[in-house]
Amino acid sequence: MGNRRNFEMEIAQRRDRFKMLVPDYIADKDAYLNRLAFECDMLLHQNPRLAQCDPKSIMLAAMEAARHRLYFSQGQCSIIPFKNQAVFVLGVAGIIKILYKTGVVQKVKYGTVYENDLFEFCEGSGDVDFVKHQKALVNRGTVVGAWASATMKDGSSHIYVMDRDELFKVRASSPGYRADDPRNPYN
C-alpha cells in the first residue's frame with residue numbers, strides 16, 4: 001500500500017481477512033467495511049503526518065477498528081502517528097461501546113471538570129459511591145480534572161477521578177502528543 005493510496009482498494013484486496021475480524025452480529029459487513037475504508041481515506045487526506053506512516057501500520061490500525069466495529073468519525077477510535085508508525089487508539093466512546101458489549105456494564109458516565117464547575121464525589125463501600133458534576137453555564141475556566149463512573153449489572157459501582165496533574169502527565173507521556181497540532185486528540 002503506497003502513501004495516500006485509495007483505502008477502499010486496499011481493504012477490497014483484503015476483504016476476506018477484514019470480514020473475519022468484523023463481529024458476527026454485524027448483518028452488513030460490506031457496508032461497514034466500505035465506511036471504514038472511506039473514513040481511513042479521509043484521515044490520510046486530512047493528516048499529512050499520518051499519510052507518511054508505514055502503510056502496514058495503517059492497515060493494522062484499520063483492522064483493529066474492524067475487530068471492535070468502531071468508527072473513526074464518531075470519536076470511538078483514532079489512528080495516531082507515532083514517528084513513522086500509525087497506532088490505533090481507543091477513544092472514550094469506543095471504550096464505552098466495548099464495555100457495554102461485555103454485558104456486565106449497565107451504565108457509564110464521564111466528564112471533564114473545569115475550575116468553575118461544581119464537582120463533588122465520594123468513593124465509598126459501593127453503596128455510597130457518587131459523582132455530582134454541574135457544569136458552569138459561563139466561563140468554565142481551565143481543566144482541573146476528569147472523572148468516569150460505571151454501574152455494573154450486579155448493582156456495584158466504580159468511580160475514577162483524575163486531577164489536572166495526572167491528566168497532563170498522561171498527555172506528556174504520549175510520544176504522539178504535539179501541542180502545535182490542532183488535530184492531535186489531546187488538544
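Leaving aside neighbours within four places in sequence, which residues is Asp163 in contact with? Asp163 is in contact with Val144 and Gly145, where contact means heavy atoms within 4.5 Å.

## The model and its numbering

This is a predicted model: local features need pLDDT of at least 70, side-chain atom pairs count only at pLDDT 80 or more, and totals for chains, interfaces and linings use all residues. Residues are numbered from 1 along each chain as its sequence is written, and side-chain values use heavy atoms, with hydrogens and water left out.

## The chain as a whole

The chain has seven helices and seven strands. Both kinds of element are DSSP runs, numbered from the N terminus: helices are H or I with at least four residues, strands are E with at least two. From the N terminus on, the order is α-α-α-α-α-β-β-α-β-β-β-β-β-α.

Along the principal axes, the C-alpha atoms fill a box of roughly 55 × 40 × 30 Å. Of the 187 residues, 35% count as buried. Buried means under 20% relative accessible area, exposed means over 50%, and partly exposed lies in between (1.4 Å probe, protein chains only). Among contacts with a separation of 6 or more, 53% join residues 24 or more positions apart.

## Helix 5

Helix 5 covers residues 55-68 and has 14 residues. From its first C-alpha to its last it reaches 21 Å, close to the 20 Å expected at 1.5 Å a residue. That expected span is 1.5 Å times one less than the number of residues.

This helix is mostly covered, with ten of its 14 residues buried. The buried ones include Pro55, Ile58, Met59, Ala62 and His68. Arg69 follows helix 5 and has a positive phi, near 50°.

In soluble globular proteins, nonpolar side chains tend to be buried together. Here, a nonpolar core is a set of buried Ala, Val, Leu, Ile, Met, Phe, Trp, Tyr and Cys residues joined through side-chain atoms within 4.5 Å. The largest such core has 28 residues. Phe7, Phe18, Tyr32 and Leu36 have the most contacts inside it. Elements giving two or more residues to this core are helix 1 (7-13), helix 3 (29-46), helix 4 (48-51), helix 5, strand 1 (77-82) and strand 2 (85-90). Helix 5 gives the largest share, seven residues.

Leu36 touches Ile11, Phe18, Ala62, Ala65, Ala66, Leu70 and Phe72, not counting residues up to four places away in sequence. A second, separate core has five residues, including Val105, Val108, Ala150 and Met152.

Three strands form an open sheet in the order 3-6-7, with antiparallel pairing. Two strands pair if DSSP finds at least two bridges between them. Strand 3 (105-114) and strand 7 (157-163) stand at the edges. Each has a single partner strand, so one side of each is left without a neighbour in the sheet. Neighbouring strands are turned by 10° against each other on average, direction ignored.

Seven bridges join strand 6 (residues 143-152) to strand 7. Thr151 stands opposite Ser157 in strand 7. Helix 7 (residues 164-173) lies across strand 6 and strand 7, at about 80° to strand 7. Axes are lines fitted to C-alpha atoms, for helices over the stretch in contact, and angles run from 0 to 180 degrees between N-to-C directions.

## Asp163

Asp163 belongs to strand 7. Its relative accessible area is 38%, so Asp163 is partly exposed. Asp163 and Met9 are 154 residues apart along the chain, and their C-alpha atoms are separated by 45 Å.

## Aromatic pairs

A search of the whole structure finds two aromatic pairs. Rings of Phe, Tyr and Trp (its six-membered ring) pair if their centres lie within 6.5 Å; planes under 30 degrees apart count as stacked, over 60 as edge-to-face, and the rest as tilted. The rings of Tyr32 and Tyr71 have centres 5.4 Å apart and planes at 70°, so this pair is edge-to-face. Tyr32 lies in helix 3 and Tyr71 in the loop between helix 5 and strand 1, so the pair ties together parts 39 residues apart in sequence. Tyr32 is buried at 3% relative accessibility, and Tyr71 is buried at 8%.

Phe119 and Phe121 form a tilted pair, 5.7 Å centre to centre with 35° between the planes. Phe119 is partly exposed at 27% relative accessibility. Phe121 is partly exposed at 35%.
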